[in-house]
Every structure is written in C-alpha cells, then in structure tokens.
Amino acid sequence: DEIPAREAGARLGCITALELEEARRLLQRAMSGDDALRKGAAQVLAANVISAVHRDLCMEHLIPLFDDNTDEVRREAGSWCIRKKIGEKWEGILPVVEAYIDSRAFLNDSERFFMALEEVTDIPPRLILRAVKRFVEECGDRAGDLSSRFALAGKQASQLILRCYHQAGSDRDLRSLCLDIFDGLLAVEAYGALEALDSLER
C-alpha cells in the first residue's frame with residue numbers, strides 16, 4: 001500500500017506545483033525521487049502537457065522522463081500521446097513529439113504513438129517518416145511476429161507511410177523517402193506491409 005500512496009502523494013504535489021510557483025519544489029522533489037514519485041510526476045505532466053497554461057513547465061520536466069531507467073515511469077510519461085484532444089494541440093508540443101521519437105519510451109510503446117498519429121492529419125510527414133524509420137531500425141526484427149505487440153505497430157506504420165506518400169503529391173524527394181522507408185518495412189516482413197503495398201500499387 002505504501003507505493004500507491006507515494007504515487008498519489010507525488011501526483012498531488014505536482015498538481016500543486018503546476019498551480020503555485022512557490023510549490024515548484026514539490027515537482028523537483030518528485031522528479032529526483034524514487035520510482036513511485038517519478039511515476040506520479042509522469043502521470044501529472046503527461047496529462048497536462050497539452051494545456052496552454054502549463055505547457056512549458058510540463059514539457060521541461062516530461063521530456064527527461066521519456067528516458068527514465070524504469071519502464072513504468074517511461075510508459076506513464078509516454079501516455080501524453082493518448083490524451084483526449086491531443087490531435088488539436090499537436091503543433092504546440094512539437095518538442096515533445098520530437099523528443100519522444102528519439103527516446104526509450106517510444107521503443108516501449110510505439111504502437112500507442114502510431115495509433116495517436118492516425119488521428120492527426122496535419123502533422124508534418126517528415127516527422128512521421130522519422131518515427132517509422134526509427135521503429136524499423138530498432139524494433140523491425142519483431143514487427144512481423146504476430147505474438148508481439150510490435151506487429152500492430154508494424155501494420156500502423158505501413159498505413160502511415162501510405163498516408164505520407166499520398167500527401168507528398170508532386171514532392172519527388174518526399175515520395176522517394178517514403179518508398180525507401182517502406183522498403184525497410186518490407187525487408188523486415190512487418191505485419192501489414194504487403195497489404196499496404198497492394199494498396200499502393202492499385
């Protein structure tokens with residue numbers, strides 16, 4: 001019971017810190033504390049990073065947690081991408097998106113990130129391609145294993161590449177980059193890649 005209580009205490013302290021500048025030490029204490037405290041902090045920061053009022057403070061402290069040494073902390077930090085209305089706030093938190101793609105948290109939960117991308121229509125295609133390229137490089141060997149959660153991510157990635165390809169229009173360089181990364185998905189036999197290829201060729 002002690003660990004949930006410590007998480008709850010960290011959440012309360014961090015919420016207070018967001019509202020009161022004189023309470024910022026509570027956020028710093030959670031960030032430098034044990035796993036339970038950092039997990040509580042991650043939950044609050046991920047939930048509030050899309051808030052215009054708290055965005056800058058949350059971004060500053062959320063991004064380091066993407067590379068936390070504890071899986072549970074990284075997962076909670078990565079939950080920013082499944083928040084309601086995230087698609088309406090995407091542009092304002094691009095530093096979070098970019099940092100997440102390059103982080104350990106992305107490798108843990110790439111399928112959640114790709115699922116969020118499916119709901120956002122105005123994110124720059126090159127940012128999507130950057131994410132898919134990293135997924136192929138780091139997780140591609142598991143993208144065709146149907147017993148692995150990376151299979152779903154592989155299918156999502158294939159569909160996202162198709163979207164980028166069609167959005168590229170007459171931009172030959174971007175279309176070529178899409179095809180290069182798609183070749184990577186095919187090379188690792190990512191689940192859903194062949195189906196996406198059939199769609200591309202029609």
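Predicted model: local features only at pLDDT ≥ 70, side-chain atom pairs only at ≥ 80, totals over all residues.

Q: Which residues of H10 and H12 make the contact, and how do they divide into nonpolar, polar and charged?

A: On the side of H10 the contact is made by Pro125, Arg126, Leu129, Val132, Lys133 and Val136, while H12 contributes Asp173, Leu174, Leu177, Cys178, Ile181, Gly184 and Leu185. As for handedness, H10 passes H12 in a left-handed crossing.

Q: How should I read the packing of H7 and H10?

A: Two packed helices are described by the angle between their axes and by the distance between those axes. For H7, which spans residues 94-101, and H10, the angle is about 20° and the axes are 10 Å apart, so H7 and H10 are roughly parallel to each other. The crossing of H7 and H10 is left-handed. Here Leu94, Val97, Glu98 and Ile101 of H7 meet Leu127, Arg130, Ala131 and Arg134 of H10, and the residues of this contact divide into five nonpolar, no polar and three charged.

Q: How many disulfides does a search of the whole structure find?

A: A disulfide is read from the distance between two cysteine sulfur atoms, which must be within 2.5 Å. By that test, the search of the whole structure finds zero disulfides. Take Cys81, whose sulfur has its closest cysteine sulfur in Cys139, 14 Å away, which is too far for a bond. For Cys178, the closest cysteine sulfur belongs to Cys164 at 5.2 Å, and this too is too far for a bond.

Q: Is Cys178 buried or exposed, and what of Cys81?

A: A residue is called buried when its relative accessible area is under 20%. Cys178 therefore counts as buried at 0% relative accessibility, and Cys81 counts as buried at 2%.

Q: Where does Leu27 lie, and with which residues is Leu27 in contact, leaving aside its neighbours within four places in sequence?

A: Leu27 lies in helix H2, residues 24-31, and with a relative accessibility of 1% Leu27 counts as buried. Once its neighbours within four places in sequence are set aside, Leu27 is in contact with Cys14, Ala17, Leu45, Leu57 and His61. The C-alpha atoms of Leu27 and Gly40 are separated by 10.0 Å, and these two residues are 13 residues apart along the chain.

Q: How would the reading go for a charged residue such as Glu7, which is found in helix H1?

A: Glu7, in H1 (residues 2-19), counts as buried at 12% relative accessibility. Leaving aside neighbours within four places in sequence, Glu7 is in contact with Ala36, Lys39, Gly40 and Gln43.

Q: What is the phi of Glu189, and is Glu189 buried or exposed?

A: Glu189 has a positive phi of about 55°, although this residue is not a glycine. Its place is in the loop between H12 and H13, the latter being residues 193-201. With a relative accessible area of 63%, Glu189 is exposed, since the cut-off for that word is over 50%.

Note on methods. Residues numbered from 1 in each chain as written. Heavy atoms only, no water. Buried < 20%, exposed > 50% of the residue type's maximum accessible area, 1.4 Å probe, protein only. Left-handed = near helix turned anticlockwise from the far one by under 90°. Helix = DSSP H or I, 4+ residues; strand = E, 2+ residues; numbered from the N terminus. Contact = heavy atoms within 4.5 Å. Axes fitted to C-alpha atoms, helices over the stretch in contact; angles between N-to-C directions. Parallel < 35°, antiparallel > 145°, perpendicular 65-115°, else oblique. Nonpolar A, V, L, I, M, F, W, Y, C, P; charged D, E, K, R; others polar.
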